[in-house]
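Subject: Structure for you to look at

Hello,

Please find the structure below, followed by notes on what was found in it.

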Amino acid sequence: MAISVGFVTAVWLAAVSRWIVRDAVVPWDSKNQFYAFFRFLSATLRAGEWPFWNPYHFGGYPSVADPQSLVFAPVFVAWGMHDPAPTMRAFDLVIFAHLLAGGIAIAIMGWRARWPIPSSVLAAALFMFGGAASGRLQHSGIILSYSLFPVALLLLQLALERRSVSLAIGFAIMAAGVALGRNQTALLLCVLLVAVALAEILGSTQPLRYLRGRSSVLTTMAVAGSALLAVPMLLTLQFAQLSNRPAESLDDALRGSLYPANLATLMVANIFGTHGSYWGPGAATLPEVALTDDSQNYLFVGVVPILLLLWFGIVGGGVWRRGRRLMTCTLAITCLFMLGRYTPFYGLAFRFVPGIDLFRRPTDASFLFGIALAFLVGHSLADYVREGLPRFRPFITGVAASAMIAVVGSAVVFSARTGHALDAAREALVASAVMLVAVSILLSARQRPARIVAATLVTLLGVAELLWWNTASRLNAESRSNYAVLEAPTGAEANAIALLENAIAVDHQRGARPRVEVVGLGGAWQNLAMVRGWEATNGYDPLRIGLYDRLVSPGEENWSAFHRRFPPSFDNYDCTLARALGLSYLVMGQPLDKLPGLRTPPAAELLLPGPPIWIYRLPGAMPRALLYRWSEGDAAGAMQNPSADLSTIDTQMAFDRLISLPSSADPGVVKIDSSSPGSVELVTTSAADSLLVLHDLYYPGWIAEVDGKPAAMLRAALLFRAVVVPAGSHRVAFRFEPIALSNLGAALTGSGRRVTSR
C-alpha cells in the first residue's frame, strides 16, 4: 500500500509542478469567484468576525447560504483563520491537496481489492486529473465534493466491514463534506454513496442479519450526517427560494446536455481543437447545447484507459463481475444523464427525481462518470495482470470496436461543419497510433511477471498522456499575471485602486458609506470588491437575492459592460434607487457615455480618465441611514411585513412609496457608530418617534435591537432594513444571526416566501 501511495503522490507532484513551473494558476471561476470568497473569508475570520454576511457583494449577500462561499469548507476555514491574505498559489494548492486525498483513498481501496500497483496508480491518476476533474478544475466547489467522495467511500466500506462507530462518524463527516458542495454533482455523489451502502447490505448472504448487526453503525452515520447538514442545507434552501433562481426549467437544463460526439474526447483529447481553437459543440456551433463549452465537453482520460475498459471490461466481461456491477451501472446511467436531451433518461430524472430540477447542467454527471471509469479501469488492468488476455469474442469485439469508431467518426463529421475535418482526423490517427503501441505491449506479455512489466508500461503511457494533455492546459491554467489585481496589483490597476480607496477613505472620515460599481474591466475585477473591501452593488455570482436582482439588474457577471441592464426601477445611475443604495463610484473599462443600454449619462465627476480604467464620482448619494417621521398611516403605505407574500406586489409602486415617506420637521440625527460584515450599530437622536431606515438589504436572519432590547425588524420599500425608534437618544443595532432558532424555524416552514417575476 505504501508503494502505491508513494507513486500516486509522485504523479500528483509531477502534475502540480507543471502549474508552478509555468507560474500559472487555475483560472476563471477559480480566481474570479472562489478565490475572492476565500479572501473575504480569511479577512473576516482574522478580524474576529463571522463570514456569514458579505457586504461587498451585490449590495449585501448571505454568504452563509451560498454553496460557493467556502464558509463550510473546513480546510479553507482553518487556513483563513491563520492567513488574512492567502495567495492564489495557496488557494490552488489546497484544491490540489483535496484531489491528492481522493487519489490516495482510491489507491488504498485498490490495495484492499488486491490490485497490482500499476492498477492503483492508474485509477488514482484518472481520478485526480482525468476527464471533468481536469476540464472543470476551475469549478472549485464541485472539485471539493468530488475529491472527498473516495475518502467517504473508503470510510463507508471500513465502517460497515468492522462495525465501527468511530469510522461511521468519520464517514458522516466526509459525506457531509461531499453534500455541503450543495451542487448537482454533490447530490449525485450522495445518491451513489447511498447506493453503495444498499449494495453492501443486499449483496450479503443474509441481508437482514447484516443490517441488524450494523444498525448502530448506520444509525450513527444518519444521525451525525443529519446534524452536520441540517443548518447549512436549511439556509441554502431558504436562499434558493428567495433567489433569482428558485428552480430551473427543463428547456434551460437541456441546453446543458453533452452532444454525443463529445464522447470522442474520452480518447482523443484535441479532436475538437480544445487545446487550441475550439470548434466543437457549444453556443457558437450548436444552440441546442448553448450552456456547454469546451471545458464542460472535455472528457479526456486517454487511449490506455479506454482500451482497457473496452478490451478487458466489456469484451472480457470484467465489468459484470461481483463487486463491479454498481460502478458499471453508474457508468451507464451517468452517460445517459450527461447526454441530456439526446436520451429520454434525463427528462424523466428532471421530472421525478427530487432535487434535479434545481440545477441546469446534465454535464455535471461527468464527474461520476469519471469516478466509475477510474474504478473499472483499475479492475480491468488488475484482471490483465492476474489472468492475461480475455477469450476472443468476435461479436462483442465487433460491437465495441464499431461503437468506438462511430463515436470518433461522428466527431470528425461534426468538425467538418467548421472546416476542421482533416484536423480532427489527424488527431484521431495519432490516438490510434498510441492505441497500437498499448495493444502491442499488452500482447507481448504471456507470463505473470511479464504482464506486471507490461501493466507498468501501459500505466506509464496512460499517466504520460494525462500529464501532457490534462495538467496546466488551456482549460485549467493561465498566467498568474492575468489575475495579479487580486493579489498584487501593479501599474495602471494599482494607481486606479489607490485613487479609489483614498476617495473612499475620505468619505468614511466624514461619516459616509459609499458603494461602488465595477463594470467592464474583465474577469479578475468582477469580485475584486470582496478582496479590497469595497461595498459593491454588483459582482459575479449565479445566485443573487431575487428582489434585488429584479430591481437593480446588476447581472450575473460584470466583466463586460453588456451584462449591465437598466430596468425601470434602476434606469440610470442617478435614479432614486441608485442614490438610496449610496452608489457613489463607478469603476469602468470604458467612458460612461459609451456604456451600452444607458440612454443618457448622468452628471458625474471624472476622477480618473482612461484608458484603461475610468473612475467617476456620482453626486447625490443618500446617507446610509436616515430617520423618518413615524406614523401608522405612513407605515401602511411604505412598509411590507417581512413575512408577507411578496409575489403579488408591484415593486415599482412599493419603491415609489419609500421616497414619499415624509421627513420629520425635526429630522433628528443618526450616526453609524460601528460597522462590520455582520453587524451595524447606530446612535439616533430625535424629538419624536421615528422610523430608522438603514439602506442595507433586508434578508431573513437580520435582527434589530434598540438599547439592547429586541425590536421588530421592518422592510422598507422591499429592499431595506428599518426599525422604529422612540423619541430621545438611543443605540440601535442590526445583527445577522442566521443560525438563530427563529430564522431556522422560518427557513424550515418556508415563511420567507418566494418573490416571482411579473
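A definition first: rings of Phe, Tyr and Trp (its six-membered ring) form a pair if their centres lie within 6.5 Å, and planes under 30 degrees apart count as stacked, over 60 as edge-to-face and the rest as tilted. One aromatic cluster is made up of Phe37, Trp53, Tyr61, Phe239, Tyr699, Trp702 and Phe736.

The model is predicted, so to read the notes: local features need pLDDT of at least 70 and side-chain atom pairs count only at pLDDT 80 or more, while totals for chains, interfaces and linings use all residues. Residues are numbered from 1 along each chain as its sequence is written, and side-chain values use heavy atoms, with hydrogens and water left out.

Aromatic pairs

Searching the whole structure gives 28 aromatic pairs. In one of these, the ring centres of tyrosine 35 and phenylalanine 91 are 6.0 Å apart with planes at 80 degrees, so the pair is edge-to-face. Tyrosine 35 belongs to helix α2 (residues 29-46) and phenylalanine 91 to helix α4 (residues 88-112), so the pair ties together parts 56 residues apart in sequence. Tyrosine 35 has 0% relative accessibility and counts as buried; phenylalanine 91, at 0%, is also buried. Here buried means under 20% relative accessible area, exposed over 50%, and partly exposed in between (1.4 Å probe, protein chains only).

The chain as a whole

There are 26 helices and 16 strands in the chain; these are DSSP runs numbered from the N terminus, helices being H or I with at least four residues and strands E with at least two. For 758 residues, a compact globule would have a radius of gyration near 27 Å, and the chain agrees with this at 28 Å. That radius is taken over C-alpha atoms, and the globule rule is 2.2 Å times the number of residues to the power 0.38. Along the principal axes, the C-alpha atoms fill a box of roughly 100 × 65 × 45 Å. Of the 758 residues, 57% count as buried. Among contacts (heavy atoms within 4.5 Å) between residues at least 6 apart in sequence, 76% join residues at least 24 apart.

Serine 17

Serine 17 sits in helix α1 (residues 2-21) and, at 29% relative accessibility, counts as partly exposed.

Regards
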